[in-house]
Each structure stands twice: as structure tokens, then as C-alpha cells.
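This briefing sets out the main features of the protein shown below. It covers charged pairs, domains, overall fold and backbone geometry in turn.

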Amino acid sequence: MVSKAIDRPSFFARARQKPFRGRLTQRQVEGVSAILDGWRQRTGDDGAEAGRRELAYVLATAFHETAATMQPVRETLARTDADAIRKLDAAFAAGRLGSVRTPYWRRDGEGKCWLGRGLVQLTHRRNYEVMSEVTGVDLVADPGRAMEMDVSVAILIEGMRRGSFTGHRLEDYFGPGREDWVGARRIINGRDRADLVAGHAREFARALGC
């Protein structure tokens, strides 16, 4: 049986209302479309309901991690690495980054910084090394490439499918008769904002026709 492909006009009409609150910019449409294209290319099909729930959670993750822009962003939404470093240093000095023990965003001996970038905030050199292997792009040589849309889409989708970020994978939470919208946050960041992201994911799922 051939699964029915996503009806994109219908999907965007629904998603415009929730979670995008009645308005979609061209940049948001482009970002969402890039994720939909990347998902289809990597899974071979976007019609099965279980797969659509996984896709909904991927979209919700990007929605949350990019402050709804659906474009690759730097941590703190800074325009440059230098600005992001300055903002993170200020937050660290003020004690607003309680769980952070080492300022990972500061430049290393080679002048590179491993701050959060992309559709999902990739941080720390080790994670850049892992995603270099996954994507086939040398992110250690040039961590800034995580800001390229095609690279960022690959990091987002493959990282979540393979469990590259925390060891937890999409299939751990979604499958036949199984959907754990709240627990799936462990794929990215433990329980941080788990209920919020779950709410976005359910809205994307409805837009996808789940």
C-alpha cells in the first residue's frame, strides 16, 4: 500500500493558525519546507502516521530552538559569533546559566567557538565532531557551516533519528501504538521545556493530519 504524501497547502494553512498564530513569513515557509524536503529525502516516505508524528516532533524542536524563525540561528539569536559570546559571557557572569560549569562558547586556542548553532542548538566541540561524521561536512574545520540550511537540516533530522545528541532517538518515543510527546524532549535536552515543546509538536501533528 502506497502512503499518501503530505498535502502541503493544507498543512501550511493549518500550521499558519497553530503554532504560528495566524501568520507565516516567507522565511518561515522556506525553513519548514527545507525540513519537510529533508525528511522525505532521508526517510523515503512522509505518509505513514507514525512517521508523521516523528516529523511533527522534529518541526516542533526547530520551532522551539529557533524562536519560531525556522531558520538556523546562533545561541542568543545573535547576529555574529562575537555578539553571542558577549551575551553568553554576560549571562554567565550574572549567574543566569545555572547548569553551566564551563563556558563552552569561548574561543579555543585555534580561535574557534563551539556555541549553539543551527535549527537545533549544536554545542561543544565533541558534538560538532559527531555531527561531522553524520553529515559528511567538516564542522570541526568550520563550525560556522552549521548555520547553512542544508547542513542544519541534516543535523536536526539525523541527530534526532540516530540519537546523536543524548542517546535517545525518535523511535524510542514514537511508533505503532506509541507516542510520548513529553518524554521525547530527552532526545535534545532532558526535561527542559518538555511540556511546551510537546504542545507545539501536537499542533504540528494536527497540521500534518495525524
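A salt bridge is counted here when a side-chain nitrogen of Lys or Arg lies within 4 Å of a carboxyl oxygen of Asp or Glu. By that criterion the structure, which is a predicted model, holds 20 salt bridges. The protein has been assigned two domains, domain 1 (8–71 + 169–208) and domain 2 (74–150).

**Charged pairs**

- Side chains of opposite charge can pair when their charged atoms come close.

**Domain arrangement**

- Domain 1 is built from two segments, 8–71 and 169–208, whereas domain 2 covers 74–150.
- The centres of the two domains, taken over C-alpha atoms, are 23 Å apart.
- In the contact between them, domain 1 contributes 11 residues and domain 2 contributes 6.

**Interface between the domains**

- The size of an interface is often given as the accessible area lost when the parts come together.
- Between domain 1 and domain 2 the buried area is about 630 Å², and carbon and sulfur atoms give 73% of it.
- Glu65, Thr66 and Gln71 together supply 48% of the area that domain 1 buries against domain 2, which is more than any other three residues supply.
- The number of salt bridges between domain 1 and domain 2 is 0.
- Polar contact between the two domains amounts to 1 residue pair, with both residues at pLDDT 80 or more.
- On the side of domain 1 that touches domain 2, the elements giving two or more residues are helix H2 (26–43) and helix H3 (49–65).
- That side of domain 1 comprises 6 nonpolar, 4 polar and 1 charged residues.

**Overall fold**

- The protein contains 7 helices and 4 strands.
- Read from the N terminus, the order of elements is α-α-α-β-α-β-α-α-β-β-α.
- The radius of gyration is 17 Å, close to the 17 Å that the globule rule gives for 210 residues, so the protein is as compact as a globular protein of that length.
- Along the principal axes, the C-alpha trace spans about 55 × 35 × 30 Å.

- Lys18 and Pro19 are joined by a cis peptide bond, for which omega is about 15 degrees.
- Pro19 is located in the loop between helix H1 (8–17) and H2.
- Arg21 also lies in the loop between H1 and H2.
- The phi angle of Arg21 is near 55 degrees, a positive value in a residue other than glycine.

Methods. Residues numbered from 1 in each chain as written. Predicted model: local features only at pLDDT ≥ 70, side-chain atom pairs only at ≥ 80, totals over all residues. Heavy atoms only, no water. Domains from an automatic or database assignment. Contact = heavy atoms within 4.5 Å. Buried area = accessible area lost by both parts, 1.4 Å probe. Polar contact = N/O pair within 3.5 Å; in protein donor to acceptor, adjacent residues only side chain to side chain. Nonpolar A, V, L, I, M, F, W, Y, C, P; charged D, E, K, R; others polar. Rg over C-alpha atoms; globule rule 2.2 N^0.38 Å.
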